[in-house]
Amino acid sequence: MGAGMMKSLILHLAVLVLLFLLQFVISDYAILTLTRMMVLGIFASGFNILFGYTGLLSLGHAMFFGAGVYAAGLPIYHFGWSVPLAFVFAIFMSFVAAVIIGVIALRTVRDSFMILTLMLAQAGYLAILYFNRETGGSEGLTMPQASRSFDFLGLTIDLTDAATRYNIAVLLLAITIVVSFILIQGRYGRLFNAIRENEARTEMLGYNVLTAKLFSFTVSGTIAGMAGAAYAILFGYIGATFAGIQYSIEALLFTLLGGAGTLLGPLLGSILMTTLIDRLSEVTSAYFLFLGLILIALTLWFPKGLLGTIKEKWLPWLT
Amino acid sequence: MADVTFLKTKDLKCHFGGIKAVDGVDFTLEKGEIRAIIGPNGAGKSTFVSLLSGRTEATAGEVEFLGENVTRLPAYKRVRRGIAYTFQITNIYKDFPVIENVAIAVQSRLSNSGEKTGAGRIRAEAEKVLARVGLSQFAERKAGELAYGHQRLLEVGMGLALQPELLILDEPTQGLSDSEVSDFCDLVKEIAQNATILLIEHNMDVVMTLAGRITVLNQGRILAEGSPEDIRANRAVQDAYLGRGDE
């Protein structure tokens, strides 16, 4: 392991430890907010594998977040599945969805890829509304009381307890960061970057670019789906909004603000942007207008985002 | 397997609408050759080698490499079988360090041959390649910041890192200074000890220095083929390409 990689690993572990320790000093309300931010941060981290590292901009990643939400929530609501089973099932279903959607969407490139992912996500969103008897439509469904606590490995996990939810979120975030770290530091990281930088050249160096993109897409969609499943389970509510376009755009916004192509960027972006959205929505109902302006400003003047800029200027070893 | 031809094309065609860029080429290349392809602009040279490397799909005809019909194989699979292509217009990873450019190629070769792809091994092999093309001192520089001649060398280095059977060089000396050209010729001679080389080249001095045989393309067809002396003496070639003196 090189010195840079070691430094990067230590930094990421330190951030995770810090997040764990924060629960002992912050208010209950802050614990609740930060839990939400971390889950959205996982979602954006999944998005970032595809966008930041591989250079593919999907405008429909909410379909995977939504797939996770519903594949976890519906079996719990309708069939009384246990929470751990529903969670694993949701991850598996997100994986399947990502493979299928990837095979279709990756036949296109650039603008067409953006539009196609956007359209497929809209189709998913509309399907949720269409089957509103089962899905609860835009009103959504509240998970039954029985699913708010479960036994796991001899422990009783109470999901109504804020600290429990917080620690589950930290754990899932840690898994996401560690898995991404290993992936990005390894040969796939090099390959993803090569594709982002120069796809034609990469193919002429003997790489099967399409397979590599599908792999990135699948990892990305599965992580996004896991975030969705966690959201449904932790907060006990599923609704069509989670599969809507604003969630796709938010993943992009978080990633751009925090720094595309950095592992902690999406989390940082999600923390800052969620705070901003919460503040804005207190003063105006037109906060989407401001998000749009922020998106434009970031793209024009700050394309590397916070951590991306720090990486470029000061910390080249940052993963 | 002694009678397997290294590379062979049969009636190879590539038509873009009404334009017959390559129009029925029967071509053979023996292992270990340095072969030059020359011809006037628009003769179909680049298209022809694109058909060999798989960047462009053939309209008709066949490409056979080491006894295998590769006509319908995608480019990356041909690379894995040993056909490396270096681009006419320098096509490198401009934002990456020089060594990373080569490392990407090294990783491709190692993982395709089922060897270990540890970071240390990839780096060591990439360093060897950089030493061969004389770019060691620029290893950590951003590739896009290199001088043009050095970028051309890096392009060749990326091809070399694949340890190809066949290295296709598309106008490699274009834009190089005289001293760079002569260094480049030495490098190609050295590479040729382990690989077969197919070279598209406009600079006739380079062609005459390097090539064992020359193929002349004109209007998508082979006009002539032979040793440098034969080609120089060939009347049809002089008419089409070299320009005949009014003696």
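**Figure 1. Strand β3 of chain B, residue by residue.** I34(B), A36(B) and I38(B) point one way from β3(B), R35(B) and I37(B) point the other way, and all are buried. Buried means that 20 or more other C-beta atoms lie within 10 Å of the residue's own, exposed means 12 or fewer, and partly exposed lies in between; C-beta atoms are placed from the backbone. In a regular strand the side chains alternate between the two faces of the sheet. Strand β3 of chain B spans residues 34–38, and five of its five residues are buried, so the strand is largely enclosed by the rest of the structure. Helices (H or I, at least four residues) and strands (E, at least two) are DSSP runs, numbered from the N terminus.

This is a predicted model: local features need pLDDT of at least 70, side-chain atom pairs count only at pLDDT 80 or more, and totals for chains, interfaces and linings use all residues. Residues are numbered from 1 along each chain as its sequence is written, while chains are lettered from A and ligands numbered from 1 in the order in which they are written.

**Figure 2. Partners of β3 in chain B.** Which strands pair with β3(B) in the parallel sense? One is strand β8 (residues 196–200) of chain B, joined to β3(B) by four bridges. There, I34(B) stands opposite I197(B). Another is strand β9 (residues 213–218) of chain B, also parallel and also over four bridges. A36(B) has I214(B) in β9(B) as its bridge partner. Two strands pair if DSSP finds at least two bridges between them.

**Figure 3. The six-stranded sheet of chain B.** The sheet is open, its pairing is mixed, and its order is β6-β7-β8-β3-β9-β10 (chain B). β6 (83–86) and β10 (221–226) of chain B stand at the edges with a single partner strand each, so one side of each is left without a neighbour in the sheet. On average, neighbouring strands of this sheet are turned by 20° against each other, direction ignored. Axes are lines fitted to C-alpha atoms, for helices over the stretch in contact, and angles run from 0 to 180 degrees between N-to-C directions.

Figure 4. β6(B) and β7(B) run parallel, joined by four bridges. Y85(B) has I168(B) in β7(B) as its bridge partner. Helix α5 (residues 148–160) of chain B lies across β6 and β7 of chain B. The helix runs at about 170° to β6(B).

Figure 5. The domain assignment gives domain 1 (1–81 + 167–172 + 198–247) and domain 2 (83–163) of chain B. These bounds come from an automatic or database domain assignment. Their centres, taken over C-alpha atoms, are separated by 26 Å. The contact takes 15 residues from domain 1 of chain B and eleven residues from domain 2 of chain B. Two residues are in contact if their C-beta atoms, placed from the backbone, lie within 7 Å. On the domain 1 side, α1 (45–53), α2 and β7 (166–170) of chain B each supply at least two residues. By class, that side has seven nonpolar, two polar and six charged residues. Ala, Val, Leu, Ile, Met, Phe, Trp, Tyr, Cys and Pro count as nonpolar, Asp, Glu, Lys and Arg as charged, and the others, Gly among them, as polar.

**Figure 6. The side of chain B that touches chain A.** 20 residues of chain B are in contact with 14 residues of chain A. α2 (75–81) and α3 (98–112) of chain B are the elements that give two or more residues to the chain B side. α3(B) gives the most, with seven residues. By class, this side has twelve nonpolar, six polar and two charged residues.

**Figure 7. L214 of chain A.** L214(A) lies in helix α10 (residues 209–235) of chain A. Is L214(A) buried or partly exposed? L214(A) is partly exposed, with 17 other C-beta atoms within 10 Å. Leaving aside residues up to four places away in sequence, L214(A) touches G102(A), V103(A) and L106(A). I195(A) is 19 residues from L214(A) in sequence and 12 Å from L214(A) in space, C-alpha to C-alpha.

**Figure 8. Two loop leucines with positive phi.** L153(A) is found in the loop between β2 (149–152) and β3 (155–158) of chain A. Phi of L153(A) is near 50°, a positive value in a residue other than glycine. L153(A) is exposed, with 6 other C-beta atoms within 10 Å. L66(B) sits in the loop between β4 (60–65) and β5 (68–69) of chain B. Phi of L66(B) is near 50°, a positive value for a non-glycine residue. L66(B) counts as partly exposed, with 17 C-beta neighbours inside 10 Å.
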